[in-house]
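Please report on the strand pairing and helix packing in this model. Keep it brief.

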Amino acid sequence: INVYDLITSEAIVSLPWGCDFPLGRCLNTMNTGLHMIGTGAYHCGVEVNGIEYAFGANNIPGLSGVFTCEPRRSPGYEYRTTLDFGERHTSAREPTKQQQLQIKSEIDYITERERQTAALRSYGEADDFVKGSSIMETMAQE
């Protein structure tokens with residue numbers, strides 16, 4: 001299990017009165033103190049066969065929020081440590097019907113998004129244009 005601080009040390013928040021606050025450095029310093037007493041606020045990912053799996057919440061229908069990345073390089077987080085549980089030998093198995101449906105749903109969603117993005121990129125070449133209100137209604141339903 002790869003453990004991360006929730007914010008990178010470089011994260012800075014610009015305050016309304018014109019100064020920059022080093023939010024990442026402050027939160028990570030606090031997290032270091034909490035870590036010493038066995039607690040803190042963390043993000044973590046599970047590394048399996050050289051791939052790290054983690055969860056990042058999203059509000060996109062049909063997507064689970066589970067993502068993959070290179071081990072110890074979860075985007076947007078600062079790596080802290082690894083909890084090594086050693087090697088575990090497992091055997092391959094077929095995905096369940098529910099897992100197959102989830103994968104198909106995610107692929108269908110991504111394919112549709114790519115098609116929509118390609119259509120938007122080539123809008124200048126189109127002979128016909130879609131009413132913007134109909135696009136907004138479709139997006140609102142999603």
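## Terms and source

Two strands count as paired if DSSP finds at least two bridges between them. Strands are DSSP runs of E, at least two residues long, numbered from the N terminus. The model is predicted.

## The sheet

The sheet is open and has five strands. Their order is β6-β5-β4-β1-β7, with antiparallel pairing. Two strands form the edges: β6, residues 66-69, and β7, residues 78-82. Each of these edge strands pairs on one side only. From one strand to the next, the twist averages 30°.

## Pairing of β1 with β4

Strand β1 covers residues 2-5, and strand β4 covers residues 42-48. Four bridges link them in the antiparallel sense. Which residue of β4 is the bridge partner of valine 3? The partner is cysteine 44.

Strand β5 spans residues 51-55. Strands β4 and β5 run antiparallel and are joined by four bridges. Valine 48 has isoleucine 51 in β5 as its bridge partner.

The hairpin of β4 and β5 has two residues between its strands. Asparagine 49, in this hairpin, takes a positive phi near 50°.

## The helix

Where does helix α1 lie? Helix α1, residues 23-36, lies across β1, β4 and β7. Its angle to β7 is about 15°.

Conventions. Residues are numbered from 1 along each chain as its sequence is written. This is a predicted model: local features need pLDDT of at least 70, side-chain atom pairs count only at pLDDT 80 or more; totals for chains, interfaces and linings use all residues. Side-chain values use heavy atoms; hydrogens and water are left out. Axes are lines fitted to C-alpha atoms, for helices over the stretch in contact, and angles run from 0 to 180 degrees between N-to-C directions. Contact means heavy atoms within 4.5 Å.
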